[in-house]
Amino acid sequence: MTENLSSKIRMLGYCDDWRASPGSTLNFKVSCDGIESYRARIGRVVCADLDPAGPGFRIDPVDDIGGGPLRGRFQPAYPGSYARIEDSGKLLGMRRFSAAALVWPTLPGQGRQTILSRWDDASECGWRLELNDAGELSLRVGKSECVASGSPMIRRQWHVVFASIDLDSGEFEVAQRPLREIPGTVEASFAAGELDRSALAPDMPIPFLIAACGSRTLAGAERFFEGKIERPSVFEGVVSLEIAEKFLLSGGRFIDSGGIRASWDFALQIDSTRIVDVSGNDIHGRVVNMPTRAVTGHNWNSSSLDWRSAPNQYGAIHFHADDIYDCEWETDFAWTVPADARSGYYAALLEADSGDSDYIPFFVRPNPGERSADLAVIACTATYLAYANTHVKVDMVGSEVMSECVNQLSQYELYLHEHRELGHSTYDYHRDGSGVCYSSRLRPVLTMRPGPYTFNYINDTHLLAWLDHIDQPYDVITDEDIDSRGVDALSGYRTIITLSHPEYTSTKMWDAFDTYQRNGGRHLYLGGNGFYWRVAFHDEFPGVMECRKGKTGVRAWEGEPGEGHMQFSGEPGGLWRTCGRPPQSLVGVGYSSTMFARSTYFRRTEASYSQRFAFAFEGVDPDEVIGDFGRRGGGAAGIEIDRWDPDLGSPPNSVVLASSENVGIDGILSCEEYTIATRATDGLQHGFVRADMVFFETPNSGAVFSVGSITWVTSLSHNGFENNVARITENVLRHFLATRPSGGSEG
């Protein structure tokens, strides 16, 4: 049993960007466990699905990485968020000082967790203010320690923590006090001790860390704090707990700046990774590994839910021991995209003589202002990021009930379960129970690569295989390209295709799609549950995306009260529907239901027989059902499906061409679709549980065709691509690519 539940993956990698263009260079970073050498080659992905009954796994060779075998080496990942202040000299030489902060611990009693430190692990010199194994506040100076004993911290409650060190007298003190009086707890705890004066090392240039302490064996830090920290401050001289508390609770106004050496106000520059010292000494720092900002502080009073309107109530940062932004692995090989490289999905294949292998995925798109085809396929990299390295199957209570099947773990999913250092998806919880709202591509993403994990990325390559089958040229444009370049990334393409599950969309992306369509662009939305969650990318730091889950929608977690606005943009997170832009207003349909157990089919509506839509159904028997086959659940309408609704913005000129049938009890209504929970929310009893195929025209001869189902693209390859799903899709695509206006008129 142990052998069966042990992952055998020994080779992993990622590249410094998912996006490349002819002439640009990608740097690949690889970690090998017990593999001395390997070979690397580049391929263009046509289909990434290993299913022998599917379109057929195919990656066309493009280039070999020359120079002989590459040397294998192990490169570890070091998660854990903290703030780092390089010692500029202004924190040196302090023989008498005090330090204090407001803290909101989430896992007290689960290992040592550092709150503030100037600690050199190699020499065991300096000091650490931390929680000990019992969750009590402890101050360690060298090998000396004193503990505010008998009073462990209270989980998810605000406390003042305080320490003073007097090198001249050889005394040190530690104290803590909860901000709210709770019966049965100690109002304040104090402890004092004698220190080894040689251990303080006041003149040693040691970085000041918040939420961690220095380490000689890890990536510079360890013993990470779990929870929120607010207004960490260093006082000149020995002050009392009462004075420190008044200073912290007054927002730094109780003591004039002459008595403060450093005080970091986390309410400033929330949208950045910078932390600002407001003492006047300019001892600024930065956060590492993307801890969560734009979170409520000790004084949040619920008068505002937007950190931008009341930043003084958002002066905390939530740190986690499992945060990670960039693995920071060293480069093992590079590849420059040839000038004549075709746009598409790509991967670097790593192979060792032992049989170990891995794929590192990326995308080749045209250089800005250039294009090689009239059709652009939109790689939904925001969705790939949202699901990156998800642990839902293992960690989510009721995951098998939700999916209505026994969970089967691929080698990738098993490896992720065993190696949490590779980080989480936005569907996961941190170790302390808070939701994960950031996801980065600067790490191996095992849920987005050719192989056994079939959701999203691999489903999308079914469409690529179909385009190859019909010999249709296309360019690939990524979500990040659209977010950074806006509609310019789409302009010039007569038609775009969004794939099986473009669930996550930034404001810049939404605006670009909308502008493209209104300017005459044609859009085939060939998926389900699209344009659902609002996300944001960081202008300064590439490859990281933010998603805040709101109070409705199909969500794996729900954010803390008051923490629904995103750090990166300040915008409210959550569903686009609750932000006033239902998906129906963009593509005619919007998410309504999940149906994981099986998939079903479509039947044409009476409206579809109009001569106006004859182009879409040419070669299709008028009486046959559409898509009663496919590689995901046996049908073209399944997994997650979307419905037409004019009350939610489906354009007045939109027409339902087909709707799903036989959804039955397998379809469950999405929670934002009802206000009162009843038993009548399945496909047998509720009319909203359906998928709709919709067409409508937009200004300037533009048009949109939507199928409202994730499994549409995974039905394309049935019967060697000879089926009515493939026929209808090709009919619409050819029509959209034609030079005449997309819409017809009644014959």
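Student: Which strand gives the most to the lining of the second largest pocket?

Tutor: In this predicted model, strand β20 (residues 285–288) gives the most, with three residues. The pocket holds about 520 Å³ of space. Its lining counts 24 residues, and the closest to the centre are Tyr82, Val288, Asn289, Asp326 and Glu328.

Student: Why is the second largest pocket said to lie between domain 1 and domain 2?

Tutor: Both domain 1 (11–77 + 328–366) and domain 2 (82–319) give residues to the lining, so the pocket lies between them.

Student: What makes up that lining by class?

Tutor: There are 15 nonpolar, four polar and five charged residues.

Student: Good, now a helix. How do you know what span is expected for α6?

Tutor: The expected span is 1.5 Å times one less than the number of residues. Helix α6 (residues 457–469) has 13 residues, and 18 Å is expected. From first C-alpha to last, α6 reaches 19 Å, close to that value.

Student: What makes α6 mostly covered?

Tutor: Eleven of its 13 residues are buried, among them Tyr457, His462 and Trp466. Just after α6, aspartate 471 takes a positive phi of about 60°.

Student: Which residues is threonine 381 in contact with, leaving aside its neighbours within four places in sequence?

Tutor: Those are Trp18, Phe363, Thr478, Asp479 and Glu480.

Technical notes: Residues numbered from 1 in each chain as written. Predicted model: local features only at pLDDT ≥ 70, side-chain atom pairs only at ≥ 80, totals over all residues. Heavy atoms only, no water. 1 Å grid on protein atoms, 1.4 Å probe; cavity = no way out; pocket = protein on both sides within 12 Å on 5 of 7 lines; lining within 4 Å. Points joined across faces, edges and corners; volume = space filled by probe spheres on them. Helix = DSSP H or I, 4+ residues; strand = E, 2+ residues; numbered from the N terminus. Nonpolar A, V, L, I, M, F, W, Y, C, P; charged D, E, K, R; others polar. Domains from an automatic or database assignment. Buried < 20%, exposed > 50% of the residue type's maximum accessible area, 1.4 Å probe, protein only. Contact = heavy atoms within 4.5 Å.
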